[in-house]
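Let's take a walk through this one together. Have the sequence and the 3D view open side by side, and follow along.

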Amino acid sequence: MLPFVFLVSQVFAQDLIPASMGLGVSLGSPSGLNGKMKLGEGQAIQFAVGGSTGQIGRVSVSTDFVQHAQSITEPADGYVITPYFGLGASVNAETYALTRVFAGPRFLAGISVFPTDVPMDFFIEIAPAVYFYEQFSFGFEGSLGARYYF
């Protein structure tokens, strides 16, 4: 099923990412800096580094391969809204009182809004994760943010 989804999204994907590299900020898990590097038509690598909103002493780093699907709006609207999905990895460290590290894969789904007159995007995403290190557990990450492309 997953290869079929990638194939279909490749056929319909548009060259949505306005430039080769974007940097920005996000709120959620993690809250901090994020970036996205364009690989090809509708494909990118993204990363995020920061803390976790509402949790003292938690540091999070994640990186994902993302595939943008067909946009659900037209550029004539002044913006393009496109869903995306991906697969990546997450490492979280809790340093408050007792240091613990959690690492494992995460599965990502989100929506990006690309204004047609400004080289940036706004996004919201969710990412359930399965941690295999330091102990087996599940997590749920998500964030909203913006990136400027140059």
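**Loops, strands and a core**

Start at Glu134, which sits in the loop between β7 (120-131) and β8 (137-149); helices (H or I, at least four residues) and strands (E, at least two) are DSSP runs, numbered from the N terminus. The bond that joins Tyr133 to Glu134 is a cis peptide, with omega about 5 degrees. Another cis peptide bond runs from Ser29 to Pro30, with omega near 5 degrees. Pro30 is in the loop between β1 (21-29) and β2 (31-40).

A word on what you're looking at: this is a predicted model, where local features need pLDDT of at least 70, side-chain atom pairs count only at pLDDT 80 or more, and totals for chains, interfaces and linings use all residues. Residues are numbered from 1 along each chain as its sequence is written, and side-chain values use heavy atoms, leaving out hydrogens and water.

Now zoom out. Of its 150 residues, 44% are buried (under 20% relative accessible area, with a 1.4 Å probe and protein chains only).

So what makes up the largest nonpolar core? Six residues do: Ala44, Val66, Tyr84, Leu108, Phe123 and Ala127. Such a core is a set of buried Ala, Val, Leu, Ile, Met, Phe, Trp, Tyr and Cys residues joined through side-chain atoms within 4.5 Å. In soluble globular proteins, nonpolar side chains tend to be buried together.

Click on Leu108: beyond its neighbours within four places in sequence, its contacts (heavy atoms within 4.5 Å) include Val66, Tyr84 and Ala127, along with Gln46 and Asp64.

Methods. Buried < 20%, exposed > 50% of the residue type's maximum accessible area, 1.4 Å probe, protein only.
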